[in-house]
Amino acid sequence: MRKAPAEIRTLIQKALSGDEGACQRLLNLYKGRIFSYVYRMVRNYHDAEDITFDTFIKCFNALATFDTSRPFAAWLFTIAHNLTMDHFRKNRIEVDYIDEFHPGDDDLAGDYEKKRKLEQIDLALSQLPPLDRELVILFHKEEYSYQEISEILTIPVTTIKTRLHRARRKLRDLVGKPKE
Amino acid sequence: MKHREIERLIQKTLDGEICPRDKGRLDKHLAACRECAEFFGEMVDSTAALRKLTEFYPQPGFNDRVISRLGLRRRFAWAKAGIALAGGWLAAAIFAAYSPLPAELLGKIATSFPALVRFYDNAAIVVSSLTSLLTPVVKNSIDATGPVIGAVFSVLFIYILGKTLQKEAKCRT
């Protein structure tokens, strides 16, 4: 497993000593990734923000217990995953695709097709079951290995592989034409 | 080769776990089977697009909310209190330099505490010795030295108080 880079370890040490600048830097480095992941899971902007907020509060409060020989981002994803699962358990919400965050109208014409494709992927992603969606995001977007995902989600590698293969196939079917 | 077997190899490719031998078999099949080649292309495209998905961000002010909840902002409140106290100190120093009231109060205190009088006398000897060593320019402007010394001490006071309170705030967080 990859360990936290030296820069991150330094920031963690500074954050532990109460350095606000270090906390701000850690927030800036990871809030986009964590928020995007949570938002794609819960599909509600305010819920995603609340979960991301709680993720960072929990992270900073437990920073002293973080083992710096492990990757910091994976630890954050573990916290975010647990809070997202709590949210699902509490609310039992249906996946609801919100399109207010789609790329704006000021896109260049040449980029239109790319943007459309990405929107299509994002929409297809939202139609996958939550666990499959999570696996696709962690493996393909966040580029975690099977082993790392297994540690984040605490599920066996074999389950991850099987479900990811099925999820990829489903995603391709939702985006393109289904194979006969 | 069956399509099922090909899909297994395609999945292995996307996992980054395909061995050279299987890759050779897959490439050979894809070159001959248009349907599988198309399927492979679509699988690669859809997974590659995932990496380029839009990154979303929370509302502006998110960092401030987190920092405030963590209590790190208390440091600023303490610093402000430090500045206010230092300002008060400076005002008191100027007041002491120009108002006769503190002198009267000092006189009353001195008569109540003889030890203070002795200390004052000793201090006066030191001050007069130092004064005699000062340059004529400073000697001539001796009336202004009170406020100047007060100002210098106030700046030092602000600095030391600020640092102390900063450490205090860090310990609390």
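Contact here means heavy atoms within 4.5 Å. The model is predicted, so local features need pLDDT of at least 70 and side-chain atom pairs pLDDT 80 or more, while totals for chains, interfaces and linings use all residues. Residues are numbered from 1 along each chain as its sequence is written, and side-chain values use heavy atoms, without hydrogens and water.

**View 1. Around A:Tyr30.** Setting aside neighbours within four places in sequence, A:Tyr30 meets A:Ile8, A:Phe56, A:Phe72, A:Ala73 and A:Leu76.

**View 2. The nonpolar cores.** A nonpolar core is a set of buried (under 20% relative accessible area, 1.4 Å probe, protein chains only) Ala, Val, Leu, Ile, Met, Phe, Trp, Tyr and Cys residues joined through side-chain atoms within 4.5 Å. The largest has 64 residues, and those touching the most other members include A:Tyr30, A:Phe72 and B:Val66. Helix α2 (residues 20–42) of chain A gives the most to this core, 12 residues; helices are DSSP runs (H or I, at least four residues). A second, separate core of 12 residues includes B:Leu9 and B:Phe40.

**View 3. Where chain B meets chain A.** Here 38 residues of chain B and 46 residues of chain A take part in the contact. About 4,200 Å² is buried between them, with 61% from carbon and sulfur atoms; buried area is the accessible area (1.4 Å probe) that two parts lose on being put together, summed over both.

**View 4. A salt bridge up close.** Look for A:Glu143 and B:Arg51, whose closest N and O atoms are 3.0 Å apart in a salt bridge (a side-chain nitrogen of Lys or Arg within 4 Å of a carboxyl oxygen of Asp or Glu). The two chains share 7 salt bridges.

Terms used:
Chains are lettered from A and ligands numbered from 1 in the order in which they are written. Buried means under 20% relative accessible area, exposed over 50%, partly exposed in between (1.4 Å probe, protein chains only). Helices (H or I, at least four residues) and strands (E, at least two) are DSSP runs, numbered from the N terminus.
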